[in-house]
Amino acid sequence: MPLHHAPQRDERPLSVNPFLGPANPIGDMTQAPPKHRMPDGPMAPTTAYQLVHDELMLDGNARLNLATFVTTWMEPEAGLLMAECRDKNMIDKDEYPRTAELERRCVSMLADLWHAPDPSAVVGCSTTGSSEACMLAGMALKHRWSGRNADRYPSKDARPNLVMGVNVQVCWEKFCTFWEVEARQVPMEGDRFHLDPRAAAEMCDENTIGVVGVMGSTFDGSYEPVADLCAALDELQERTGLDVPVHVDGASGAMVAPFLDEDLVWDFRLPRVASINTSGHKYGLVYPGVGWALWRDADALPEELVFRVNYLGGDMPTFALNFSRPGAQVVAQYYSFLRLGRDGYRAVQQASRDVAGGLAGRIAELGDFRLLTRGDELPVFAFTTAPGVTAFDVFDVSRRMRENGWLVPAYTFPANREDLSVLRVVCRNGFSEDLADLFVEDLTRLLPELRQQPQPLVRDKNAATGFHH
Ligand SMILES: Cc1ncc(COP(=O)(O)O)c(C=O)c1O
């Protein structure tokens, strides 16, 4: 979310279609409303609607946004339920006990899906998205660590740190900055674009509050090896006595792997995994913004972080950064779980993975590109230009594809692969085989022009796609 500065005062008012102004004596608008100052008086709702609606037409088409992981299509029935619940505040558990109950059921379903050994011991909550969930999980890790180190923290010798791959989503850097935790990042190396378990274990010391494993990486859609990470930390414990918990950031993968990679062990089956988050609004298949954070048991979530709200005359524990939050997304999450069930989720995620695999293959066949991932973990793949392609780069491709309405981010990798720039395609429900065909057709049509460029044309790489993790 950009932090908006008040723009330079633009004295020009909004331009008003005569249908809304002089040609509409009933609407009675005699003066065009200002842009950056609240108008002095009211206007008819139809007029206000039309003005806002028209301005929004220049937004990109969400369904063609291959940059976002976030759900861009839900069934009309889900939209209906969300509209019915748009006035419900999630925090008002006492006033909306059934919404609170649906939240509780979602937590139970996720605990079961993620193989909690004792689902009744699991503590969990809905959040605004994975970012909030990660903040909460990080806070729990920090409090557990500070509780264990009460004799030496705070002191200048005990600065808490969190170990992660350099590929983590920006929310982890935010967590470390906001909560004064040192971020220890394992760099990329060669063709390894995510965390290396051994290198992560080596970075741990007595001030490590935890290690983050990502299922899967925002940069290229690959799953991090969470089981190997836990094994490396088991080995560290045997050697040094350090007992470092793991948080799994399953923003996308925690709603893909349980359906498509059932034998992959990454979740509460691993005793070292203390907590897991996911974005309900990504492969959880709900419109933005809902996320989930679950802790294995009450020990993993220090009691002093829990606040109590009134609930049916009693009190209900809550853990959140916000107080007020929309209830509609939680209801929509429950709808999706109920509507699809495990088989339905499997079918939806498999379709996305099939589209990703097929599209990745066809892009590789064009000859101008090299795949870094194939969309066989998250239905997401990253690719770069093939060796020997010098006339254009990924930033040119991103810019030119936008002319056809496709939003495909191009960005440079972090340490130690700053030399590598990629395009990333996120295949979500609603991005069909047919749309993928159109994508390849547009890319194929573009290539002869790109090949004739004297050199890559995009100078300001950061501005090229406006992409931020
Ligand atoms: C791995 C990972 N973690 C956290 C986030 C942040 O999630 P949200 O957008 O739900 O706040 C993302 C978003 O893409 C992500 O990919």
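Modeller: Let us start with residue classes: Ala, Val, Leu, Ile, Met, Phe, Trp, Tyr, Cys and Pro count as nonpolar, Asp, Glu, Lys and Arg as charged, and the others, Gly among them, as polar. The model is predicted, with local features requiring pLDDT of at least 70 and side-chain atom pairs pLDDT 80 or more, while totals for chains, interfaces and linings use all residues. Residues are numbered from 1 along each chain as its sequence is written.

Biologist: How many nonpolar, polar and charged residues does the shell around the ligand have?

Modeller: The shell has five nonpolar, eight polar and one charged residues. A residue is near a molecule if its C-beta atom, placed from the backbone, lies within 6 Å of it. Of the 14 residues around the ligand, Gly129, Ser130, Ser131, Gln169 and Ala251 come nearest.

Biologist: Which helix gives the most to this shell?

Modeller: Helices (H or I, at least four residues) and strands (E, at least two) are DSSP runs, numbered from the N terminus. Helix H4 (residues 130–148) gives the most, with three residues.

Biologist: How is a sheet read, and in what order do the seven strands lie?

Modeller: Strands of a sheet pair through backbone hydrogen bonds, either parallel or antiparallel. Two strands pair here if DSSP finds at least two bridges between them. The seven strands form an open sheet, E1-E7-E6-E5-E4-E2-E3, with mixed pairing. Strands E1 (123–127) and E3 (182–186) each have a single partner strand, so one side of each is left without a neighbour in the sheet. Within this sheet, five bridges join the antiparallel strands E6 (residues 273–279) and E7 (residues 291–295); Ser279 has Gly291 in E7 as its bridge partner.

Biologist: What is the order of the sheet of four strands?

Modeller: That open sheet runs E10-E11-E13-E12, with antiparallel pairing. At its edges stand E10 (369–371) and E12 (410–412), each with a single partner strand, so one side of each lacks a neighbour in the sheet. Three bridges join E10 to E11 (residues 380–385), and Phe369 has Thr385 in E11 as its bridge partner.

Biologist: How many residues of domain 2 are in contact with domain 3?

Modeller: Domain bounds come from an automatic or database domain assignment, which gives domain 1 (1–59), domain 2 (77–337) and domain 3 (352–464). Two residues are in contact if their C-beta atoms, placed from the backbone, lie within 7 Å. By that rule, 17 residues of domain 2 are in contact with 15 residues of domain 3. The touching side of domain 2 divides into nine nonpolar, six polar and two charged residues.
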